[in-house]
Amino acid sequence: MYVLLERAGMKREQIRNSALLALTALIWGVAFVAQSAGMEYVGPFTFNGVRSILGGLALLPLILLGKRERSGRQKNPITDKGKAQSRRELIIGGIWCGVVLCAASSLQQIGILYTTVGKAGFITALYIVIVPVLGIFMKKPTGKLLWISVGLAAAGLYFLCMTESFSVNPGDLFVLLGALLFSVHILLIDRFSPRCDGVKLSCIQFFVCGILALIPALLWERPEPAAVMSAWAPVLYAGVLSCGVGYTLQVIGQKGLDPVTASLILSMESLFSVLAGWILLKQNLSSREIIGCVLMAVAIVLAQISPSVHENLT
């Protein structure tokens, strides 16, 4: 598979980063279940606040380890100005990403209270359509082949997630607003990840997100320690894996990738959630779910074709 992708014109870095985003999608696919289970014990702001703080704490050892490795190196005065600029970009990027992530994840959590997990997964993954639309306004043109991939993926998501008749309720609108902000978050990562240390950027965004989420949690939800401890398993998974590992892999994996391609790969979280239920929980796949899996797989393969092909079709 690796050789085939190289022959298709993909660079080693692109293949690696695509694999990291696919792993992120796998982690996030399971996280939808954890999010739903966790809110049986705590409110949405409490859940987001605690899991984000856990995600930030999980990254601190990695940052300290990296700092120790660099501590013995002699400072280079020529690069001091560049380091100061990079630090400024890191702080600004971390704050912006944290604010948007807090708003997006909170809207998603609130929406899950009033809609099904399947519909929430489908609506959230609509960022695969929103990202290229926003890219038009940001002068990031999308090739025709990528638009075809987006359409196939959206159709696949519908077959995968929408097992009931489609209707709109307030919960769906909350999740849709969250999807819009997740699209903004993907574009922010595209803006800052090439200029900053990915682990540090991710860590800052988690602490910003966690602090912001805990403010309304303390004001309105008044969480009790016993309730948080009762939700320890889903909170731990969502904090350490979904936040600490997943979002950090997103930051690292998006470097050098077109944001539309990145959003298509990340949308595989819905595909992985269905496949996990089939493999681990022995849930049967319906014919429409199989069709959805095939459509999404074709969309992802098309999105990975050489950038030169995209340019020729625009």
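# Helix packing and salt bridges

Helices H8 and H11 are oblique to each other. Angles under 35 degrees count as roughly parallel, over 145 as roughly antiparallel, 65 to 115 as roughly perpendicular, and the rest as oblique. The model is predicted, so local features need pLDDT of at least 70 and side-chain atom pairs count only at pLDDT 80 or more, while totals for chains, interfaces and linings use all residues. Residues are numbered from 1 along each chain as its sequence is written, and side-chain values use heavy atoms, with hydrogens and water left out.

**Exercise 1. Find the angle at which the axes of H8 and H11 cross, and name the residues that make the contact.**

Step 1. Locate the helices. H8 covers residues 170-192. H11 covers residues 232-253. Helices are DSSP runs of H or I with at least four residues, strands are runs of E with at least two, and both are numbered from the N terminus.

Step 2. Read the axes. They come within 9 Å and cross at roughly 50 degrees. Axes are lines fitted to C-alpha atoms, for helices over the stretch in contact, and angles run from 0 to 180 degrees between N-to-C directions.

Step 3. List the residues. H8 brings Phe182, His185, Ile186 and Ile189, and H11 brings Tyr247, Gln250 and Val251. Contact means heavy atoms within 4.5 Å.

Step 4. Sort them. The classes are 5 nonpolar, 2 polar and no charged. Ala, Val, Leu, Ile, Met, Phe, Trp, Tyr, Cys and Pro count as nonpolar; Asp, Glu, Lys and Arg as charged; the others, Gly among them, as polar.

**Exercise 2. Describe how H9 packs against H11.**

Step 1. H9 spans residues 198-221. Its axis comes within 9 Å of the H11 axis, and the two cross at roughly 130 degrees. That makes H9 oblique to H11.

Step 2. The crossing is right-handed. A crossing is right-handed if the near helix is turned clockwise from the far one by less than a right angle, and left-handed if anticlockwise.

Step 3. From H9 come Gly198, Val199, Leu201, Ser202, Gln205 and Phe206. They meet Cys243, Gly244, Tyr247, Thr248, Val251 and Ile252 of H11. This contact has 7 nonpolar, 5 polar and no charged residues.

**Exercise 3. Which residues make the contact between H8 and H12?**

Step 1. H12 covers residues 259-266. H8 and H12 pack at about 125 degrees, with axes 10 Å apart. They are therefore oblique to each other. H8 passes H12 in a right-handed crossing.

Step 2. H8 supplies Ile186, Leu187 and Asp190, and H12 supplies Pro259, Ser263 and Leu266. By class there are 4 nonpolar, 1 polar and 1 charged.

**Exercise 4. How many salt bridges does the whole structure hold, and which residues do they link in a network?**

Step 1. The search finds 2. A salt bridge is a side-chain nitrogen of Lys or Arg within 4 Å of a carboxyl oxygen of Asp or Glu. Side chains of opposite charge can pair when their charged atoms come close.

Step 2. Take Arg191 with Glu89. Their closest N and O atoms are 3.4 Å apart. Arg191 sits in H8 and Glu89 in helix H4 (residues 80-112), so the pair links parts of the chain 102 residues apart.

Step 3. Take Arg195 with Glu89. The N to O distance is 3.4 Å. Arg195 lies in the loop between H8 and H9, so this pair ties together parts 106 residues apart in sequence.

Step 4. Join the pairs. Glu89, Arg191 and Arg195 form a network of salt bridges.

Step 5. Check accessibility. Buried means under 20% relative accessible area, exposed over 50%, partly exposed in between (1.4 Å probe, protein chains only). Glu89 is buried at 10%. Arg191 is partly exposed at 36%, and Arg195 is partly exposed at 44%.

**Exercise 5. Is Asn17 buried or exposed, and is Arg222 buried or exposed?**

Step 1. Asn17 lies in helix H2 (residues 12-38). Its relative accessibility is 0%, so Asn17 is buried. Leaving out residues up to four places away in sequence, Asn17 touches Ile252, Gly253, Lys255 and Leu257.

Step 2. Arg222 lies in the loop between H9 and helix H10 (225-230). At 62%, Arg222 is exposed. Its phi is near 45 degrees, a positive value in a residue other than glycine.

**Exercise 6. How many helices and strands does the protein chain have, and what share of its residues count as buried?**

Step 1. The chain has 15 helices and 0 strands.

Step 2. Of its 314 residues, 49% count as buried.
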